[in-house]
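Subject: Structure for your files

Hello,

Here is the structure I said I would pass on.

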Amino acid sequence: MTMFRRVKYKSEAEFAKLKESAKVVAVTLAEVAKCIKPGVPLTYLDQIGEQCIRDHHAIPSFKGYEGYPAALCLSVNDVVVHGIPYPNQYLRDGDIISVDCGAVLNGYHGDFCYTFEVGEVSKEVHALCQRTKESLYKAIEVAKAGNTIGDIGYTVERYVSQFNYGVVRELCGHGIGKDMHERPDIPNYGAKGSGQRIEPGMCICIEPMINMGTHKIVMENDGWTIRTRDHKPSAHYEHQLIITEHGTEVISSYKLLGEVIGTEELY
Ligand code: MF3
Ligand code: CO
């Protein structure tokens, strides 16, 4: 029995459009990166992001999605994901902020995310960010045709468990294309060899959400903001990949934002 039929496989022409959309997100994250420092209001970052997306003739896909009110999800410290930029919220030295950005261009979606450090962060928090990003890179290594979706989650979970971090279970990565969220779901946990087989034609977003403490989360009354239950920090990175006949290609990129913040980024 399979419930895996509803993946929308993409053509080469569609892959080309997805790459263009991902490029808009890459440029936008770099523009936002330029503004990340202590004292900056979250609403300003959101304005910069939205303007950049629109300057590239794209549409911020998060805005209005199931009523979400902003262009970016800005998730600070114990906010895991879906942080709404509220007025009178300012970045502080030592914060981490995940900037999640989605843009739709020519009908195809780009969606990825990076967690930035604000000023000087503690060694523990820096390690959380680095290891979360490493878990994503290890997952990308196994995200190839012939392996399964379960191999991705297994890889993330196995890597971060050595640090006693919590893997968020309620939220997943996803397929992406004409819709921001397509099949399959891509959990950050799982058993080796389980789930759907990864095949050419897929475009997927892998997005580990890793907590320094408990894996447990709570949602705020706004229906969006997800926090860690113990209020310890959480990191979130997301890359967007295509699976082709010739292998896997990461179509998202941190290179531009890396130039801004002075980091050497693999993808
Ligand atoms: N970026 C999220 C994801 O990767 C989706 C955010 S939806 C929003 O799946 F409405 F909160 F913006
Ligand atoms: Co996503």
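The notes below cover the ligand site and then the cysteines. Please keep in mind throughout that this is a predicted model.

Ligand site

The space that ligand 1 takes up is the largest pocket. There are 13 residues around ligand 1, and those that come nearest are Phe62, Asp100, Asp111, His181 and Glu207. By residue type, the shell around ligand 1 consists of six nonpolar, three polar and four charged residues.

- His181: an N or O atom of its side chain is 2.5 Å from an oxygen atom of ligand 1.
- Glu207: the corresponding distance, from a side-chain N or O atom to an oxygen atom of ligand 1, is 2.8 Å.
- Asp111: a polar side-chain atom lies 3.0 Å from an oxygen atom of ligand 1.

As for cover, ligand 1 taken alone exposes 330 Å², and the protein buries 96% of that.

Cysteines

With a cut-off of 2.5 Å between cysteine sulfur atoms, the count of disulfides is zero.

Cys129 is in no disulfide, and the nearest cysteine sulfur, which belongs to Cys113, is 11 Å away. Cys129 has a relative accessible area of 1% and is therefore buried.

Cys172 is in no disulfide either; for this residue the nearest cysteine sulfur is that of Cys205, 12 Å away. The relative accessibility of Cys172 is 23%, so Cys172 counts as partly exposed.

Regards

Methods. Residues are numbered from 1 along each chain as its sequence is written. Chains are lettered from A and ligands numbered from 1 in the order in which they are written. This is a predicted model: local features need pLDDT of at least 70, side-chain atom pairs count only at pLDDT 80 or more; totals for chains, interfaces and linings use all residues. Side-chain values use heavy atoms; hydrogens and water are left out. A residue is near a molecule or strand if one of its heavy atoms lies within 4 Å of it. A polar contact is a pair of N or O atoms within 3.5 Å; within protein, one must be able to donate a hydrogen and the other to accept it, and residues adjacent in sequence count only if both atoms are side-chain atoms. Accessible areas come from the Shrake-Rupley method with a 1.4 Å probe; for residues, only the protein chains shown count as cover. On a 1 Å grid over the protein atoms alone, a cavity is a set of points where a 1.4 Å probe fits but cannot get out, and a pocket is an open set with protein on both sides within 12 Å along at least five of seven lines; lining residues have an atom within 4 Å of a point. A molecule sits in a cavity or pocket if more than half of its atoms lie within 2 Å of its grid points. Ala, Val, Leu, Ile, Met, Phe, Trp, Tyr, Cys and Pro count as nonpolar, Asp, Glu, Lys and Arg as charged, and the others, Gly among them, as polar. Buried means under 20% relative accessible area, exposed over 50%, partly exposed in between (1.4 Å probe, protein chains only).
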